[in-house]
Amino acid sequence: MNAAGLSALWSHWWRNKLQLATLLAGLALATALWSGVQAINSEARASYDAAAAVLGEGRFDQLVPASGDAIALETYVALRRAGWQVSPVVEGEIGVGGTRARIVGVDPLTAPGGSGTSVLTAPPEPQDFLGDGVIFAHPSVAEALTARVTQQVITDPGVAPDTALMDIGVAGQILDRSSLSRLIVWPEQPLGRGTLSEIAPELVRQGAQEGAEVGRLTDSFHLNLTAFGLLSFVVGLFIVHGTIGLAFEQRRGMVRTLRALGVPLNRLIALIALEMAGFAIVAGGIGVLMGYVIAAALLPDVAATLEGLYGAQISGALQLRPDWWLTGLGIAFAGTLIAASGALWRIAKMPLLASAGARAWSVASGRTRNLLGLSAVVFLATAAVLIAAGQGLLVAFAGLGALLFGAALALPALLDRALAIAERVAKGVRAQWFWSDTRQQVPGLSLALMALLLAAAANIGVSTMVSSFRLTFVDFLDQRLASDLYIQAEDAEQAARVEGFLEPRTSEIMPLLFVDTRLAAGSAELYGVRVGATYRENWGFLASTDAAWEQVAAGDAVVINEQMARRAGLWVNDELTIAPEVHLPIAGVFGDYGNPIGQAVISEALFLKLYPDIRPTRFGIRVADKDAARGALRDFGLNEPQIIDQQVIKDFSIGVFERTFTVTAALNILTLSVAGFAILTSLLTLAAIRVPQLAPAWAMGLTRADLGKLELLRAVILAALTMVLAIPLGLVLAWVLLAVVNVEAFGWRLPMFVFPLDYATLAGLGVLAAALAALWPARRLARTPPADLLKVFSNER
Amino acid sequence: MSVKVFILALLLPVAALAQGFAGLGTDADGFTVPERGFEFQFPRDHGAHPDFRIEWWYLTANLEAEDGTPYGLQWTLFRSALAPEEAEGWESPQIWFAHAAVTTPEAHHVAERIARGGIGQAGVTAAPFDAWIDDWQMAGPNFEDMQLTATGTDFAYDMALLAQGPLIFQGDEGFSVKSEQGQASYYYSQPFFAIKGTLTLPEGEVAVTGEAWLDREWSSQPLADNQTGWDWFSLSFDDGTKMMGFRLRQTDGAHFTAGTWITPEGQTTPFENGVFKAEPLKVSDVDGRAIPTQWRVTVPQKGVDVTVNALNPNAWMDVNVPYWEGPVTVTGSHQGQGYLEMTGYE
Amino acid sequence: MLLEVKNLTKSYAGPDGTVPVLRGVDLTLEAGETLALTGESGSGKSTLLHLVGGLDYADTGEIWMNGRDVARLDDAGRAELRRTKVGVIFQQFNLIPSMTVAANIAFHARLSDQNDAAREADLAHGLGLSEQLHKYPEQLSGGQQQRVAIARTLAARPALILADEPTGNLDEGTAAEVIDQMLALVAEAGSALMMVTHSMALAARMGRQLHLSQGQLT
């Protein structure tokens, strides 16, 4: 019985191959977008985790030298013998086979849990690691290292990119150093140990949270990607839902026949569930593979993006990780289950003798529409509360989700209202029929139109954010890179000579003095600048006193970047402690995009008073003739790489940001295409029930060609209305991304710019997608044999 | 892989003793093997023997506060070698680890330290005697007069040790047989320490006095293949006599036992296999494990038939290679106190 | 006795309250017997047929077939009955549109594990379907479709065939032809036949006629 039942079910797909292809494609696309994004995410995360674990950063405090990069072995032993539970790390870089490899040596005996060898995928034997000095290397450097060292090299993807992990003794040999780089501090320490300042005054303790900053930034990027992945999946689900709904409607007759011939209902449902599970496996598998391809195609950009933006290293190689592989299949199953459960439920409830003809499966009653409207109101209210009052990145994203969902649910009611108005004002019976018939199509097309709405809104929101970001950022670069040339001296002595040489030859010299320090309870860079025309003219502030630069020049004030201001809750006229006993009012807050670290700027004179040992080795200069200045500097004895043209830096920086958004742009286009596909499948679904709806109009004098044209027009109008609603939704989305999510994730707020032309283009693309999707169904309708139209009047349907 | 697993694997030779993993038991891998008739030389042999695979300095003490509250104290330094040699710097194959504990009737405080030889973080020198790891130390001008310190996250102690009697050589003049197949170790003890000092506990500092027992043992082939763990007793009776006895449990349910009878003057009588008998009377649930915390110990030829009771049944040493170690009281034919160590119950 | 119906009642919920359709019907049928059920529209003849086939649920009464009361069977029991003992032929939409004629003919027999290719070929031949075996139902005329349904039912060798206006959608000439073929094959197979029809001429060709009026046999 099972074989016969399955063969009957399967015969439907065999006869309707296009439907089968649509179902599989929809499910596969949904899975692909989701799992592609997940693949990128989990790959990137795994890389950070590896890096963070090897470094011991993020989770543990560390002791680092106050100056230099060496801690004497004796200092480590002295700390241990004073009771300090610390674990040593030796780090350095070596050149291997034309590339650089980072050498990390750890002591597994003293390393706290979660650091040291804990990143390795295969546990090393102590005899191997300690005794024989086996080296565990990331695939990117393993081969080159093998040729360079005498120890055995084992490839382990758990190690951070370009890094090799080994026993501290082996690392010392390879790097030819006996000193240590830093010490990881155990979270739990014994009673009665000595104070750090007595045992090792040359070391400073670095808080655990500092390493986590990179994590916070990259988390936001991943969260962004995940949100896109989920959105794409939802759009894909609309397709699957549509196709499965169509298939079930078309098989109503078969279901009746099968039951009349004695297939029990439970068995039938089980067989259909089995069939659906089969589809989920096949389509999910294809989707995961497609996701892998998408991820592999986008990953170099993601890697470049993250590395450029945050200095986070991410491996360019993609691994098929079981976690996203399985979640991909899981989500395909979940999606199929969601899409099929309604249809299965209807079959279970359908009386055996119900009409065998297909019926409109999603004709929404007024009650359903009200229910949708009510849910929409609830979702939108939730969104408002979360976005206005919530704190934290996840809450902001939850608010965003509620907003999008609420807007999607509100769509059918809004379209219905708009079409009702059009129907009222329409002149002539033909137009009235057109509008009322269009209105009748809204419930059936609502899923696809919701998908289009979400895709378009996401598109508008993200493109607004990206373009605002770019505009602001280019402005910012113009400010920051105002000088014409940058000079990098070899040392302070050369710098002093260069400065003397340049004095008479340039209009302005700006030495760059800076020190890494702690300000307002966070790590920060303190800059000393020679305030001149360049700063006064080019450095704008988000907020400032009237004469901010004059105050800074006089040594009476400090200006800080937005990151520090937001993190420490400081603003103009608040006071900042620059050094013990040195408290200065904040004269201005400047935008500092893409930089995770706090910055404070004081005058050169004050800086040199606080840090008399620091001499500038970098200068920015303003010159009338760049090439002449370059030539003079070369003659003076500087190498070409020491003279940097600001335009090059600017281009490089902009390039980094451009790449950042290649990924989101690619996902946008994919999402919009998927939404178009959803419209196509919905129209195909509706085509079957359209014939009886259109037959009376045909009988009363509309030609089939007319019907086809009107069908196309109908899709275009519905899409256009949806796009009109998508624009405000997209703008709200952008505002939330810029003013809420960005502040939560990055610590600065981006000014929002509006790009009407872009939105018009996007709306046009959305309508075009809908028109393309409607073209074929409309053509099919225009070619419906008159006999089929006549049948409507002659038989049961 | 967790660090814990790494360390566990590292300590396999000792884990073999404690956990019945006996794969390394018979093969000495280039390490020196104990031989009968070895002549001990002091102070040299108080120091480390890097050509042997494992070695320990194992001190336990029964203490009493002024108010009569009994306490137990443990300070143990282990050496475990990856290779039979010593080297300078990080290349040293000598791994050191240590356990410290204070047992009260209500609580059991434990700390553990691990270090590598060769860099000065841990080691033992014979004269002047100094055994240390991190800030833990047992040191003094000689082996008879030492200061003992250890710290943990919730406890610390600082004690003075003064020997009141001679060294005791276990087994056949310090050659201690551990199985019928002939596995053996060098084993001597100083059971006559008077100990006095201060315990730092969460509830405050406590001044204590008492007696301590220090075991020195080194070997390269700890257990026979069929041995799964041991129960080790060091008992001090009120009449001044002392008795050491251990029972090695075998997979076939039989036991290999040995022991030493020690008079107050330090005269010793070794027990052949089977003379010393110990049978569990009561099993306690210690953190999910069934641990015998009350024993009947008998040595008919010495008229010993006593019940040994744990002061605190929860004296579980939750370290990388866990075991039970704690103070006991003795009642029956003889009265007294002592220490009990039980391994291989994980 | 193949079938015994005792005091069967059935009513439907209508817009103006409950509408009784069957008001206590008693009926017996012997193996191999043919019976016509006639009556006006709404007289309950189709309902009676559906109840006997376990396609619908009776309010009260008993339907004894093969030693079991169909009215008391659960869904699985009814399904098994239809699979193995009863064949149902509706007025239209009998076939699985995505399967070929040959597959449709074999289908019921496959469900009841009685698949017999030779017999199916004979039936197809007897019904003049030999040329249509590889076509799909939508490519057949109405009469051909009903012939396929008949072949499918007979291939499964049910003891009882329930036919609900099997030729109601066909023109008179075709209807007569189909009925001829069906009656001959049913007789040959030895199955009992219970047919709902409003054609007196057709009813007259059956072994026995029962007339239903206002939910009762007259």
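This is a predicted model: local features need pLDDT of at least 70, side-chain atom pairs count only at pLDDT 80 or more; totals for chains, interfaces and linings use all residues.
Local features are described only where pLDDT is at least 70 and side-chain atom pairs count only at pLDDT 80 or more, while totals for chains, interfaces and linings use all residues. Residues are numbered from 1 along each chain as its sequence is written, and chains are lettered from A, with ligands numbered from 1, in the order in which they are written.

Let us begin with helix H3 of chain C, residues 101–111. Helices (H or I, at least four residues) and strands (E, at least two) are DSSP runs, numbered from the N terminus. Nine of the eleven residues of H3(C) are buried, so this helix is largely enclosed by the rest of the structure. Here a residue is buried if 20 or more other C-beta atoms lie within 10 Å of its own, exposed if 12 or fewer, and partly exposed in between, with C-beta atoms placed from the backbone. Among the buried residues are Val101(C), Asn104(C), Phe107(C) and Leu111(C).

What do the buried residues of H3(C) pack against? Their partners are H1 of chain A together with helix H2 (75–84), strand E6 (86–89), H4 and H5 of chain C. After H3(C) comes Asp113(C), with a positive phi near 55°.

Now look at H3(C) beside H5(C), where the axes are 6 Å apart and the packing angle is about 35°. Axes are lines fitted to C-alpha atoms, for helices over the stretch in contact, and angles run from 0 to 180 degrees between N-to-C directions. This crossing is right-handed; a crossing is left-handed if the near helix is turned anticlockwise from the far one by less than a right angle, and right-handed if clockwise. The contact includes Ile105(C) and His108(C) of H3(C), and Val148(C) and Arg152(C) of H5(C). Two residues are in contact if their C-beta atoms, placed from the backbone, lie within 7 Å. By class, the residues of this contact are eight nonpolar, three polar and one charged. Ala, Val, Leu, Ile, Met, Phe, Trp, Tyr, Cys and Pro count as nonpolar, Asp, Glu, Lys and Arg as charged, and the others, Gly among them, as polar.

Next comes H4(C). The axes of H3(C) and H4(C) come within 10 Å and cross at roughly 140°. These two helices are therefore oblique to each other, since angles under 35 degrees count as roughly parallel, over 145 as roughly antiparallel, 65 to 115 as roughly perpendicular and the rest as oblique. Ile105(C), Ala106(C) and Ala109(C) in H3(C) meet Glu120(C), Leu123(C) and Ala124(C) in H4(C). That contact has five nonpolar residues, no polar ones and one charged residue.

H4(C), residues 117–126, also packs with H5(C), residues 142–155, at an angle of about 150° with the axes 10 Å apart. H4(C) passes H5(C) in a right-handed crossing. Leu123(C) and Ala124(C) are among the H4(C) residues in this contact, and Ala151(C) and Leu154(C) are among those in H5(C).

Finally, step out to where chains A and C touch. The contact takes 19 residues from chain A and 20 residues from chain C. On the side of chain A, H1 (2–15) and H9 (252–260) each supply at least two residues, and H1(A) gives the most, with six. The residues of that side divide into 13 nonpolar, five polar and one charged.
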